[in-house]
Amino acid sequence: MAAHNSLMNDAPLAPIAFAEFVRGLPKAELHMHIEGSLEPELMFALAKRNGITLPFASVEEIRAAYDFSNLQDFLDIYYQGAGVLITEADFKDLALAYFQRLAADGGTHAEIFFDPQTHTDRGIAFDTVMNGLLAGMDEAEKTLGVTSKLILCFLRHLSEDAAFETLEQAKPWLAKLAGVGLDSSEVGHPPAKFARVLQASRDLGLKVVAHAGEEGPPAYVWEAIDLVKVDRIDHGNRALEDETLTARLVKDGITLTVCPLSNLKLCGVPSLDVHPLKRMLDLGLKATVNSDDPAYFGGYLLENYLATAGAVGLTRDDIVTLAKNSFAGSFLSEGEKAERIAGVEAYAAAH
Ligand code: ADE
Ligand code: ZN
C-alpha cells in the first residue's frame with residue numbers, strides 16, 4: 001500500500017491552467033461589504049417580495065447605472081439599493097448568495113463588513129440585520145464549508161454620537177462580532193473623528209479596522225495607525241505617496257486589504273495595468289486581494305486575482321503570497337492561521 005501511494009505521489013501532475021490554479025488555491029476575503037454583494041437580480045426579487053418599487057425598470061437598467069466617477073457616486077446608489085433589505089430572510093439570502101460565489105471562487109474564509117446604520121436609520125431593527133446575517137453565515141459554514149466573521153462598520157459621513165449609539169446597540173451581540181470598521185465617504189471624515197468610539201470598541205474586545213487611503217490622503221493612513229492603532233488598513237493605496245509611511249507599514253507588517261476592481265471602477269486608477277498591487281508586494285507590504293462591493297464593481301474574489309494578475313504581471317509566487325497574506329492578516333486564531341497557511345503551502349506544492 002505504501003509503495004502504491006508513493007508511486008501515485010511521484011506521478012507527474014497534469015498541468016492545470018493558471019486560472020484553475022488560482023481558483024483551487026485556498027483564499028480568504030478580508031474586505032467585502034455584504035450590502036455591496038447585492039446583485040441586481042436579487043435586488044429585484046427582494047423588492048418584489050417586500051412590495052417596494054425600484055427606480056429602475058430592469059436588471060439591465062440597474063447595471064447601466066453602475067458607471068461611477070468616484071466613491072460618492074457609488075455610495076449614493078449603493079445606499080439606495082440596500083433599501084430592499086427588510087427582513088431577516090432578506091439578510092440571510094444576501095449573505096448566502098455571497099458565500100456561494102465565494103466558495104465557487106475557492107474562497108474558504110471571509111471577514112465581511114456590514115453597515116447597520118444604513119438599516120437602522122430606515123427603521124430596520126439591529127437584531128433583524130444580525131439574525132439574518134448570522135443565519136446565512138451559519139448555513140454557509142454547514143453547507144459550503146466556508147467560515148466567516150462579521151465586522152460592524154460605522155458610517156463616517158454620520159456623527160461620532162451616531163457611531164456611539166450603534167456601538168450601544170451592538171453590545172448584546174459582542175460575542176458574534178470580530179471587529180468594527182470605518183467606511184463610507186472618506187475625504188473630510190478622517191479617522192480622528194472616530195478615535196474615541198474606535199477605542200471604546202477596542203476596550204470591548206473588538207478588533208479595529210478602517211478604510212484609509214482609498215481616496216483620502218496619506219495623513220489619514222498615519223492617523224489610522226498612530227492614533228486609532230488599527231489592526232488592518234482597508235485599501236491603503238495612497239500610502240504609497242509617502243515613503244516614510246510605506247516603510248512604517250512594511251516594518252509593522254500591517255495588512256492592507258486592497259481591492260483592485262473597486263479601484264478601477266471608482267477611478268482610483270485609470271487602468272488596471274497601473275494598479276499598485278505588484279509594487280506593494282515588491283516593497284514588502286502585506287497586501288491582500290479583495291472584491292469590496294462585487295455586485296457593483298464587476299467581479300468577485302477570483303476575478304480580482306485574475307484580472308490583476310493579467311494586468312500587472314503577478315507571478316505564481318505572488319499569487320501564493322497573496323493567499324498566505326489573506327490568512328495571516330485575518331482575525332482567525334494563531335493556530336487556525338498556521339493551519340490555513342499550511343493548507344496554501346500544501347496546495348502550492350502539489351500543483
Ligand atoms: N462602503 C462600501 N464600499 C465602500 C468603499 N469602497 N469605500 C468606503 N465605503 C464603502
Ligand atoms: Zn470597502
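Which cysteine sulfur is closest to the sulfur of cysteine 267, and how far away is it? The closest one belongs to cysteine 259, at 15 Å. That is too far for a bond, because a disulfide needs two cysteine sulfur atoms within 2.5 Å. The model is a predicted one. By the same cut-off, the count comes to zero disulfides.

Cysteine 153 is in no disulfide. Its nearest cysteine sulfur is that of cysteine 259, 12 Å away. Cysteine 153 is buried, with a relative accessible area of 0%. Cysteine 267 is partly exposed, with a relative accessible area of 47%.

Now turn to the helices. Two packed helices are described by the angle between their axes and the distance between the axes. Start with helix 9, residues 160–170, and helix 10, residues 195–203. Their axes come within 9 Å and cross at roughly 15°. Angles under 35 degrees count as roughly parallel, so helix 9 is roughly parallel to helix 10. The crossing of the two is right-handed. Helix 9 brings Glu160, Ala163, Phe164 and Leu167 to the contact. Helix 10 meets them with Arg196, Val197, Ala200 and Ser201. By class, these residues are five nonpolar, one polar and two charged.

Further along the chain comes another pair. Helix 17 covers residues 316–328, and helix 18 covers residues 334–350. They pack at an angle of about 165°, with their axes 8 Å apart. Angles over 145 degrees count as roughly antiparallel, so helix 17 is roughly antiparallel to helix 18. Helix 17 passes helix 18 in a right-handed crossing. On helix 17, the contact is made by Arg316, Val320, Ala323, Lys324, Phe327 and Ala328. On helix 18, it is made by Lys337, Arg340, Ile341, Val344, Glu345 and Ala348. This contact has seven nonpolar, no polar and five charged residues.

Last, look at a single residue. Leucine 134 lies in helix 8, residues 126–144. Is leucine 134 buried or exposed? Leucine 134 is buried, because its relative accessible area is 15% and the cut-off for buried is under 20%. Leaving aside residues up to four places away in sequence, leucine 134 touches Leu150, Trp173 and Lys176. Take lysine 176 from that list. Leucine 134 and lysine 176 are 42 residues apart in sequence. In space, they are 8.2 Å apart, C-alpha to C-alpha.

Terms used:
Residues numbered from 1 in each chain as written. Chains lettered and ligands numbered in written order. Predicted model: local features only at pLDDT ≥ 70, side-chain atom pairs only at ≥ 80, totals over all residues. Heavy atoms only, no water. Axes fitted to C-alpha atoms, helices over the stretch in contact; angles between N-to-C directions. Helix = DSSP H or I, 4+ residues; strand = E, 2+ residues; numbered from the N terminus. Parallel < 35°, antiparallel > 145°, perpendicular 65-115°, else oblique. Left-handed = near helix turned anticlockwise from the far one by under 90°. Contact = heavy atoms within 4.5 Å. Nonpolar A, V, L, I, M, F, W, Y, C, P; charged D, E, K, R; others polar. Buried < 20%, exposed > 50% of the residue type's maximum accessible area, 1.4 Å probe, protein only.
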